[in-house]
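Here is a short note for a first look at this model. Please keep the structure open as you read.

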Amino acid sequence: MSRQSHIRILAPRSAAPYIAREISRRRFLELAGVVGVTGALAACAPTVKPSTQATGGPVEGELSIYSWGDYDAPEVLEAFTSELGPTITMDAFNSNEEMIAKLTTSKGTSGYDIVVPTGVFIPGMAQNGLLSKLNLDLIPNIQHMDPAFLGQDWDPNNEYSICKAWGTTGFVYDKTVISRELTTWADFIDAAQNEASGKTSVLDDPAEITGIYFWANGIDWNTTDPDDLDAAEKFAVEELAPHISRFDSYPGGEAIPQASQVLMQVWNGDARIGILNSPDPDRWQWVLGAPKTELWMDNWAIAAGAPHPEAAHAFINYVLTPENALAELDYIGYHTGEAGIEEAARDAELEMLDLVFFTPEQIATMVNGEVTEAQARIVDIWNKTKAAASA
Amino acid sequence: MSGKRRAASDVALGVWGVAVFAFLFAPIVVVVMSSFNSGRLLVAWQGFSLEPFAAIVSKPAIRDAVLVSLQTGAIAAVVASILGMLAGIALARRPGKWAAWFIALLLLVSVTPEIVDAVSLLPWLVFLGQDLGLPIFNDGIARLVIGHSLFSTAVVSYIVRARLIGLDARLEEASADLYAPPVRTFLRITLPLVAPAVLAGALLSFTLSLDNTVIAAFVQVSGSTPWPVYVLSALRSGLRPEIAAVSTVMLVLTLGALAVVWAVLRRSGDSSNQIARTLAGG
Amino acid sequence: MRKPGWLLAVPAWVWLLVFFVAPVLQVLWFSFGYKPGIFGTHANDVLSLDRYAEALTPTFFATFQNTLGIAVAGTLLCLVIALPMAYWMAAKVPSRHRGLLLALVLVPYWTNFLIRTIGWQIILSPEGVLSHLGQSLGFGPIDILYTRAAVLLGVVYNYLPLMILPLYVAFDRVDPALREASKDLGANRFRTLFGVTLPLAQPGIIAGIVLVFIPLMGDYITPTVLGGARGNMVGQLVASQFQTAQNWALGAAMAVLLILVIAVTLGVAALLAWAVTFPLRARARLRLGEAA
């Protein structure tokens, strides 16, 4: 905590505990970094004009959305335009860092209305004035959301964000090669070192690699204990790296349908797409990481200085209707957080829903990431693992 | 005897050449086939369909991204060609102490990794656009053009310089001796001399810009996602066959344009070869 | 009365000073600074070379070896494949077709790089075309995806056109009369090739090596798409410091080291080439002397 004492933030007293907790979130580091970069430039800049708050006035004729590529069902976007008027401009980013860099450096003039950040980034973005508060009066359809996916740690009152899609981390293996049953991260490690050696891929993300070790061994994923980190490095570099053939964040797009790996660490929605599109789906087994694993959530949010706030609220409200939420789920393959969507999806006979919906017990094993001072160390471990795997 | 051996070696060379072309086009053929895939994923064949091509029309994001890339590529090519042409002429015709410095700068531009250009350009463009209030630097296309023009300017400069060094300067001198104003000498003599090199450089700049991902991702603003950034970000929910369909359409258009250019140039004699010959250092 | 010619270079000077030198100097400046706590990317109130020391850790070294290995092998392979190809295009193909063939060499470049590499993945995957071909020919399944061979395949594929173009130009400039003359003087074909054609094509060979080697050293995406973990490059380390770790000081130091290594490698290669070809040139002079 002492490390945080030098940060001063103007906030209501009641919010202080939240902020103190949230500020240490792992990803916040990256955001703060970008903010720091332009700090010097910002000092002489004209102050950001307060973002225009939506009041339920007439919907503007345009809407600009900055999101992950191909992350919304085209028919939903089209229907929105034909029913309510605004034409939609879609822009894509490859990482949260990229999106935050864009918003930070443009100081409220990015021209984006809606952005889709991953949850752990939201407190930092809000504190740095990158997001505009939602007017929930204009989003009555929030009533359709499952309360379990509202009020997350990073935004307890949904002041800035509403769940767009969420997912978790597990792995997929080829049953024609690995005949035994794998159920935990420890099994993943063991299979990687044996049957799947040289045919194993892991996610191309620093915290996912140390995550395998921490989750498997019951260590806090967000630990900053140097001994834990040293142990994770020893494991990743010496025991895991020699067996890794690829660092791949999206094996569902290629590796699973092409059967080019035997064992892959993978996000659930991606695994589902891959297995559904495999010429031999029965060959693949999905396993949710155990005993612990990750939970990530991408969220609808409105950028500060959004030029079309009414249209932005209208859009968020629009996608939250049960029909549209289902269309989105069907298109991207991730849970959109609506209450009752599981039944709707089963009624619509969507396939492989056990990779989309999880039981409350399973959800209880999923943890959020945090930004800690160990970030640089984790990136270092990742780079060392990559160097060791290339030998 | 020797004639037969010669023929054999020619055949071997021809086979090698055809094999290299097969190598260059093998994945392109696969991509074209994938663009008729009815399935959800580009890589997993399910059946024949024209659906992916319909998506180009129905998904404005895809169309916009391609248009942004084409526009950026064209403007970046023009900017790089003009800057590089002038610099190349100066380097070839008026070398001096400054030229060594300039060549050093060009070399530095070419060895700097893209990621460094990208992270340094972003805050800089924002500083110019927001703090100095120059609105041009808030424009998405302008930013992309600036980012893509750096390496290309260096390349065009090399190409033009190499072209001119191989040609006699006496024509220009004669023109000047005959009291032609410098602008006229430039337009009538120098410009036609360097034209093939500039065209070649423009083509190369356009090509490099079309594929630029790293710089583009950093400097783009609202409404200006270029095609490569779109493709990379679409990995999040799995690449669909539409992406291959767009490539197929672009490929067909390219080949069509090439066929037209070739037909035209064949009539005007050997000049297609002239253009080709100056590519990359002629 | 002549205008000073360097005026023509002023626009390019200004353009590169404003959009390259100014922003990049800023990054160079960062490399002498440090990362202030976990919330900053860089600070420069205390200057040091510590980041350079940090950058020279064993990780960086191992990755550097890998990068250099891939870049050198990739460049040489491109050269070996492109030499006969360019010679064929320049000397054997009827001249009216040459422009078209050259354009065709560039056409694959007009498809997005990620898409054309995915094209290769489809071909190379264990269930793919190549593997089935291998099986039906009795070689058994061919599975080279994510091996060192796949790294080189991806690299060669993406950089080959940059080697073919300058080589073509160089061969095209060699006057066929020179080759004829060499033959008329009794030289056999190999002697003509190594004594006349290749030395005359030398500028093209150098241009091709530079055009392939430099971008390849900084590339970190192409080698990994087909090569997976085997294609780990220094560019990835640099990018990870700027993006994920947000340590701009260290990232900048790594970038500067990368630039230096590229420059030194090219310098050494130039020296080596000069030393190796020295006897060749001496002999060529001798022969010319005899002929005279």
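1. Start with a caution. This is a predicted model. Read each point below with that in mind.

2. Look at where chain B meets chain A. Here 32 residues of chain B are in contact with 39 residues of chain A. Three helices of chain B each supply at least two residues to this side: H5 (114–131), H9 (214–219) and H10 (227–233). H5(B) gives the most, with six residues. By type, the side of chain B that touches chain A has 17 nonpolar residues, ten polar and five charged.

3. Now turn to chain C against chain B. In this case 70 residues of chain C are in contact with 75 residues of chain B. Several helices of chain C each supply at least two residues to the side that touches chain B, including H1 (10–30), H3 (58–92), H7 (148–173) and H13 (248–291). The largest share comes from H1(C), with twelve residues. This side of chain C divides into 52 nonpolar, eleven polar and seven charged residues.

4. Next, find helix H7 of chain A, residues 206–216. Is H7(A) enclosed or open? Eleven of its eleven residues are buried, so H7(A) is largely enclosed by the rest of the structure. A residue counts as buried when 20 or more other C-beta atoms lie within 10 Å of its own. Among the buried residues of H7(A) are A:Pro206, A:Glu208, A:Tyr213, A:Phe214 and A:Trp215.

5. Finally, check the backbone just after H7(A). There A:Gly218 takes a positive phi of about 65°.

Definitions and conventions: Residues numbered from 1 in each chain as written. Chains lettered and ligands numbered in written order. Predicted model: local features only at pLDDT ≥ 70, side-chain atom pairs only at ≥ 80, totals over all residues. Contact = placed C-beta atoms within 7 Å. Helix = DSSP H or I, 4+ residues; strand = E, 2+ residues; numbered from the N terminus. Nonpolar A, V, L, I, M, F, W, Y, C, P; charged D, E, K, R; others polar. Buried ≥ 20, exposed ≤ 12 C-beta atoms within 10 Å, placed from the backbone.
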